[in-house]
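Please have the sequence and the model open as you read.

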Amino acid sequence: MTGIIGRGASLLTLFLAVFLSGGATSAAPPSPAATPAPAVSSATLTATVRSVDAQARALEIVTGVGYALRVVKLTWKEAPTVRAAAAGTGVAQLKPGDFVRVEYAKAPEGNVVRTIKLLPRPAPEVAR
Amino acid sequence: MRRPLSSLAVGALLLSAACAKPPEPGEPLAGLDAAQRDQFDRGKVIFNRVFEPETGLGPLFNAKSCGECHEKPVAGGVGDEVEVHATAFLSNGTCDPLADLGGFVYQQHVTPALKNALGIDKEPIPAKATAQGRRSSPDVLGFGLLDAVPDSEILSYADPDDRNHDGISGRPNRFFDGRLGRFGRKALVPTLAEFNEGAFPVEIGVTVPAVPDEETVAGQPIPAGVDPVPDPELDAQSVALVNAFVRFLAPPSPPRLKGASRRGPELFEKTGCAACHVPRLRTGDSDVKALAHREVAAYTDLLLHDMGPALADICLGLASPSEFRTEPLMGLRFSEKFLHDGRAGSIEEAIRLHGGEAVASRDRFATLPAADREAMLAFLKQL
């Protein structure tokens, strides 16, 4: 493959593959210890909040490629702080429809949230 | 001696460029290099490749190939297939695309193996859906140019609060990661590449590297043994080639207006149709010279507009049930059915069914003298 396809598409494919598969972005090297720890990799997704249940420690986000949409289910051990313009936002303050960037670990018990950033709403459009 | 000769050569070049015949429907953009032309040709083969269960089709699907739905009069043209979308518009004003329940595209066909396993002929719509929408198959000619229009150009037409009081209040849709959307009847998808790649699993049931898992059956996993082809069922190179084919398809040639239709563009402006169906957009920078800094006679602003309750169906992203992206009118000459679901049998009927923000323009069209209406319709039929 050359030109446009070569660079553009391969980057896009990599980007999207990480998006949907929740693939590893910084997989740790295998531990040399005698008892191998379960493989944990991390992934980052920019997505829309579908639901949040702070009591159940459950966050669902929607992502996808074109019309192929997927829900990614996440949980947490300690309530993560949501980085946002307003200080002190907690995960319970997230609402369906919010745009978020979530970094999480893919662990045997599921996708475990590491950080959440609440993204600002897009700037108001220019009036014609 | 050299100057006049070189001037002559430049003049001849300009003349030949000016007289160059525009590409016929289905041909590639003018100005592609040899490698791009090769990608176009090879991508067309995959675009028309018919998948079967043994090569990855299904187990849920709407069509067996890209070309099955985009076929008239050429590969990349319109089709008579109509698919079904369903979502849930929630009381808090947000839209659930039912992604955990197989949504929002509900496939209308299944492979024999899935039928044997579940006894279904198509994917069932979940009870949670608040609306269904039918979607016709548009042509995709010139969509590479739409892909190359900068976000800033699209946003320059937005006026969500109707500050200029013209009754038109277009606003952009956003994908689930917040990027500006432009493709699809609700302007959900930001880029042509994503639209194309996502179409393989959703429309044909063929998994690709970016979407390596099959669609579910309304949220239930595919039964074991029904789809034995290893995922992904299509490799990245093939996906990229199909994308190159669609991206490099030339837009329909400019209409050659004769007689009364020559007054069409002026009437289109006068009635206010051009406020949303913006006649020309301009592309920005592109790694493909043939796509960079070109005018595209798209007749769309790629924004969402309220079309009124009679046309309303599903929500999607930020789009409410009654909001639709302004349909690009380039390629209108190939259509036999009109509007997003093909409910209109003629352009005139489609105009008559416009509601919401389009009411004033619709009514202005309706009150034109008959000869003017005919002139405008004659113009539209040539787009």
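## Helix packing and aromatic pairs

Ile46(B) is buried, with a relative accessible area of 7%; buried means under 20% relative accessible area, exposed over 50%, and partly exposed in between (1.4 Å probe, protein chains only). Before going further, note that this is a predicted model, in which local features need pLDDT of at least 70 and side-chain atom pairs count only at pLDDT 80 or more, while totals for chains, interfaces and linings use all residues. Residues are numbered from 1 along each chain as its sequence is written, chains are lettered from A and ligands numbered from 1 in the order in which they are written, and side-chain values use heavy atoms, with hydrogens and water left out.

Ile46(B) sits in helix H2 of chain B; helices (H or I, at least four residues) and strands (E, at least two) are DSSP runs numbered from the N terminus. Setting aside neighbours within four places in sequence, Ile46(B) is in contact with Ser238(B), Leu241(B) and Val242(B), where contact means heavy atoms within 4.5 Å.

Two packed helices are described by the angle between their axes and the distance between the axes. Axes are lines fitted to C-alpha atoms, for helices over the stretch in contact, and angles run from 0 to 180 degrees between N-to-C directions.

| Helix pair | Angle of axes | Distance of axes |
|---|---|---|
| H2(B) (residues 34–47) and H8(B) | roughly 110 degrees | within 7 Å |
| H7(B) (residues 192–204) and H8(B) (residues 236–248) | about 125 degrees | 10 Å |

H2(B) is therefore roughly perpendicular to H8(B), and the angle of the other pair makes H7(B) oblique to H8(B). The cut-offs are under 35 degrees for roughly parallel, over 145 for roughly antiparallel, 65 to 115 for roughly perpendicular, and oblique for the rest. Residues of H2(B) that meet H8(B) include Phe40(B), Gly43(B) and Phe47(B), and among those they meet in H8(B) are Leu241(B) and Phe245(B). On the H7(B) side, the contact is made by residues including Leu192(B), Asn196(B) and Phe200(B), with Val239(B) and Asn243(B) among those of H8(B).

Next come the rings. How many aromatic pairs are found over all chains? The search of the whole structure gives 10. Rings of Phe, Tyr and Trp (its six-membered ring) pair if their centres lie within 6.5 Å; planes under 30 degrees apart count as stacked, over 60 as edge-to-face and the rest as tilted. Tyr299(B) and Phe379(B) have ring centres 6.1 Å apart and planes at 70 degrees, so this pair is edge-to-face. Tyr299(B) lies in the loop between strands E8 (295–296) and E9 (304–306) of chain B and Phe379(B) in helix H12 (residues 370–380), so the pair ties together parts 80 residues apart in sequence. Tyr299(B) is buried at 7% relative accessible area, and Phe379(B) is buried at 1%. One aromatic cluster is formed by Tyr67(A), Phe104(B), Phe143(B), Phe183(B) and Phe195(B).

Finally, Glu266(B) in helix H9 (residues 264–270) of chain B is exposed, at 57% relative accessibility. Glu266(B) and Met376(B) are 110 residues apart in sequence, with their C-alpha atoms 8.6 Å apart in space.
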